[in-house]
Amino acid sequence: MKIAVSIFSFLTILIGTILFMQFQVYSDEVDSTEKGYRYSQEIEIVYRGESLDIRQHFKNLPKEELMIEWPKASINPDCFIENEHSCARLSEDSTKFEAGETQAQSISYVIPLKNGLQSRKLMKNVLATLKNGDVQFSTVHISTDKDVKGQWVTGLPLIGEQNLSLVNYSMFSGEGPVKDLFWQDGEFALQNEMGVVSIYSGTPLKAAFYEKLEKVNFISNEHLAIINGTNLDDADGFRMLFVPNATVAKVQQNVLITQLDALYDFGDSPYWLKELMASFLTGTVFGGEKTKEVAATVTAQLTDEQLTEWRERLRALEGKSISGELLDEELSEVLGASTKYISLNAQSEKSYPFLFNDPRNLYVNSEKQPAVQVVLKDGEVLYGADLLLETIGYDVSIGEHGYYAVSETREFRFPNEPGFYVFNQRRYDAVSLPIKQVAGQYFIEESWLQRLFIVEIEKTEDRINISAP
């Protein structure tokens with residue numbers, strides 16, 4: 001075993017020297033723990049038949065007290081004495097690093113593996129973290145007995161592997177944290193690494209797959225491992241995506257949605273909103289028919305300069321809760337005119353047309369009517385007919401012969417076909433339609449509203465006043 005440890009140490013130095021230099025880039029980037037803080041880590045994992053023995057080295061730690069979040073499955077949490085200072089800040093109960101000047105601390109623990117190392121078993125949340133900490137850089141070393149043949153995946157880029165007489169060794173290193181581990185036996189191996197993704201598969205993928213994948217734009221630079229296959233738990237891991245029968249379209253969809261979920265909070269917003277944002281952020285429209293229709297409609301409203309601003313505004317929303325209403329606010333700012341196009345489509349299974357909304361408050365006889373829509377379509381100002389007419393004293397209904405608005409002394413019927421309307425049982429010619437349907441809702445055109453229903457309309461900068469008898 002001493003020989004194995006010597007070989008392990010030699011490989012660590014040989015492969016890791018250049019990478020460890022990158023650790024120092026982050027050494028000065030220490031923030032207050034109240035606002036979160038940054039640190040780097042190096043993790044040594046040894047598989048010993050029924051467990052993973054782990055040594056974890058935290059670097060560039062701030063001086064404040066830091067709480068350790070041990071993996072739930074871990075046992076034997078302890079200090080790892082690498083030098084005289086490596087456990088100087090570890091509390092007696094091993095729950096935290098106490099305040100202190102030492103920037104590097106080391107711990108050790110064991111993750112028991114029931115039935116040993118299982119192929120295609122995703123091991124989730126098996127590594128320790130520091131509460132409120134942001135991992136800037138991680139390096140992971142994994143060694144197993146020489147008889148354990150297979151491929152490890154961590155979500156980080158694979159830097160190198162060695163199959164020696166006593167041990168098999170793998171090293172992963174890159175920006176960001178690592179939480180999960182995955183191992184698969186057989187011919188499963190890293191097939192290709194392309195920018196932000198690594199492709200693992202039991203069988204080689206065709207050259208055309210990589211040629212198409214190379215042209216795909218992604219949203220962030222955080223590395224992801226794409227595994228052409230499934231795991232026993234049928235779940236994705238942290239920075240690991242399982243894509244059975246992988247195609248470029250599947251990889252694009254999975255990666256972009258994962259990246260979006262990491263950058264934004266979509267809550268209970270419809271799934272196609274993610275596709276819509278991904279389409280604009282990458283400049284490549286993809287997704288379902290509704291996504292494509294909404295993306296094309298929004299793009300048609302924007303100049304090249306406005307499209308650039310729209311994308312910049314979407315990027316600036318990182319970390320915020322995304323909804324159709326928020327996207328409408330941003331789009332309205334870009335257009336310089338109010339619209340509820342995205343939110344109305346988010347609320348409706350059917351497609352809602354692009355309309356500009358008058359953002360001013362509407363008052364009828366001095367009472368505010370927030371539910372009455374005022375929209376601009378094809379150069380006309382349209383008011384939501386049902387609520388507005390009811391507010392001024394009419395009962396409205398839809399009948400076989402059209403739209404009815406009836407009061408004690410006045411009765412209107414607006415037929416479904418253009419050319420006329422009926423007032424108090426008398427027919428009148430009409431060049432245009434007084435009542436129109438827009439996305440299944442009825443609207444009345446402003447000049448017809450004034451003419452037929454004898455209302456006065458006064459508009460100021462922030463409100464619309466309707467006075468009705």
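1. On a 1 Å grid over the protein atoms alone, a cavity is a set of points where a 1.4 Å probe fits but cannot get out, a pocket is an open set with protein on both sides within 12 Å along at least five of seven lines, and lining residues have an atom within 4 Å of a point. The model is predicted, with local features needing pLDDT of at least 70 and side-chain atom pairs pLDDT 80 or more, while totals for chains, interfaces and linings use all residues. Residues are numbered from 1 along each chain as its sequence is written, and side-chain values use heavy atoms, without hydrogens and water.

2. The search of the whole structure returns 1 cavity of 30 Å³ or more, where a volume is the space filled by probe spheres set on grid points joined across faces, edges and corners. Its lining consists of Phe414, Pro415, Glu417, Phe420, Leu433, Pro434 and Ile435.

3. The largest pocket holds about 820 Å³ of space, and of its 34 lining residues Gly176, Pro177, Glu222, Phe238 and Arg239 are the closest to its centre.

4. Helix 4 (residues 271-282) and helix 5 (residues 289-301) pack at about 45°, with axes 9 Å apart, the axes being lines fitted to C-alpha atoms over the stretch in contact and the angles running from 0 to 180 degrees between N-to-C directions. Contact, meaning heavy atoms within 4.5 Å, involves residues including Trp272 and Phe280 of helix 4 and Val294 and Val298 of helix 5.

Key: Helices (H or I, at least four residues) and strands (E, at least two) are DSSP runs, numbered from the N terminus.
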